Amino acid sequence: MSLREGAFGNATNLVCRECGTEVPLGPDYACPECFGPLEVAYAFPAITREEIEAGPANIWRYKALLPVPDDIEQSPNTEPGYTRLLEANNLAKALGLSKVWVKDDSTNPTNSFKDRVVACALSAARELDAKVFACPSTGNLANAVAAAGARAGIRTVVFIPSNLEQPKQVNSAIFTDSLIAVDGNYDDVNKLAQEIAAEEEGWAFVNVNVRPFYAEGSKTLGYEIAEQLGWRLPDQIVIPVASGSQLTKVDKAFQELIKLGLVEEKPYRIFGAQATGCNPVSTAFKAGVDAIRPVKPDTIAKSLAIGNPADGIYVLDIARRTAGAVEEVTDDEIRDGIVLLARTEGIFTETAGGTTVAVTKKLAEAGVLDPSLETVVINTGHGLKTLDAVSDKVGPRATIKASYAAFEAANIS
Ligand SMILES: *Cc1c(COP(=O)(O)O)cnc(C)c1O
Ligand SMILES: [Zn+2]
């Protein structure tokens, strides 16, 4: 396989997170020496805030820091990112915190943060000349892959657990004729994808064989939060954890911004959010151990339902290094979290966001979050995809006849 010059921008090679072995850029994800995960390494040029600010209002403003070619904007893609960072004063008050910001990624093209990672994976698939753009997914990833593939004109095949919420199924099937429902949970679907990737030529599975490139897309959340805060790092940040990739990449982004001199170095604390029905990382954090014991997920937060999280151990490292924590909440608390964010800030989040808000509340009440410091909460997805989670909780307060007398009798004002 021959790569064109600059196919991966300023990326230089892949490097093993465990043993440091270097591997040339390509469709590889496991270290040939120790099977550890590979990640992208770079030789960054000097870059200024002004250069970034002059870029487009999407993730490509940070293209110099991503494994994508300099002409990335010429290739059709969904142009995700640069979502709003909202000052959430009502939520802050409800939580007893002095300052809260919500990074609202529900407004991405397919309504979750997955559009960011998929845009980077699409670029890699294109540069590697893949014939099929594919993924195993807990839902949102399949939506993002199917849409990005449609726009790019590349064949897509997306695999999901067959028990997935119907809106997430439709949100994929609308973009692709090849939505494949697999009998089993996400971890079964992921195993199947690994087998197909090993057997079939030319399949780019975004979160399997091009995972190192895919994962870099999550860094843009960290870059944007810092830029939108006026080029500074937040004090505390709460991030949902499925595979753990997003959380580790937000930390990587903060570290890169410090090294590049784009923000001042300062302490920040990173908190992970899980559902009690799928809590392998939270369990390990609380037990004070380094190993993650896989679980069988059973939670309404299906987008977080990864029982054997690939980056779980790195989440533990980061939570411990930054004086953060990994906490979990029940399905009822998740539902309450969804309603709380909606009623305080007018944002309808999915179950993953309900998890993040509920964990923020739990950490605030326990005094783990410092109320005098500012806190960023990442909302990673949209509530319209998980309507069932709250359809029993909210609804008409009253059903009345179309008369003023009926309105008066219902005692509404
Ligand atoms: C995938 C997903 C996550 C978690 O992503 P990881 O990087 O696998 O930890 C969080 N929220 C939503 C809505 C997702 O779809
Ligand atoms: Zn290695």
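This is a predicted model: local features need pLDDT of at least 70, side-chain atom pairs count only at pLDDT 80 or more; totals for chains, interfaces and linings use all residues.
Local features need pLDDT of at least 70 and side-chain atom pairs count only at pLDDT 80 or more, whereas totals for chains, interfaces and linings use all residues. Side-chain values use heavy atoms, with hydrogens and water left out.

The zinc ion (ligand 2) is coordinated at 2.3 to 2.4 Å by the SG atoms of Cys-16, Cys-19, Cys-31 and Cys-34, donors being N, O and S atoms within 2.8 Å of the metal (3.2 Å for Na, K and Ca). The angles among the 4 donor atoms are 100 to 118°, and the site is tetrahedral (four donors with all angles between 85 and 135 degrees). Along the chain, the donors of this zinc ion follow the spacing C-x2-C-x11-C-x2-C. Because Cys-19 lies in the loop between strand E1 (11-16) and strand E2 (22-23), and Cys-31 in the loop between E2 and strand E3 (38-42), the pair ties together parts that are 12 residues apart in sequence. Cys-31 is buried, with a relative accessible area of 1%, while Cys-19 is partly exposed at 41% (buried means under 20%, exposed over 50% and partly exposed in between, with a 1.4 Å probe and protein chains only).

The largest pocket is lined by 32 residues, of which Pro-37, Arg-211, Pro-309, Ala-310 and Asp-311 lie nearest its centre (a pocket is an open set of points on a 1 Å grid over the protein atoms alone, where a 1.4 Å probe fits, with protein on both sides within 12 Å along at least five of seven lines, and lining residues have an atom within 4 Å of a point).

Terms used:
Residues are numbered from 1 along each chain as its sequence is written. Chains are lettered from A and ligands numbered from 1 in the order in which they are written. Four donors count as tetrahedral if all angles lie between 85 and 135 degrees; four count as square planar and six as octahedral if opposite donors are over 155 degrees apart and all others between 65 and 115; anything else is irregular. Helices (H or I, at least four residues) and strands (E, at least two) are DSSP runs, numbered from the N terminus.
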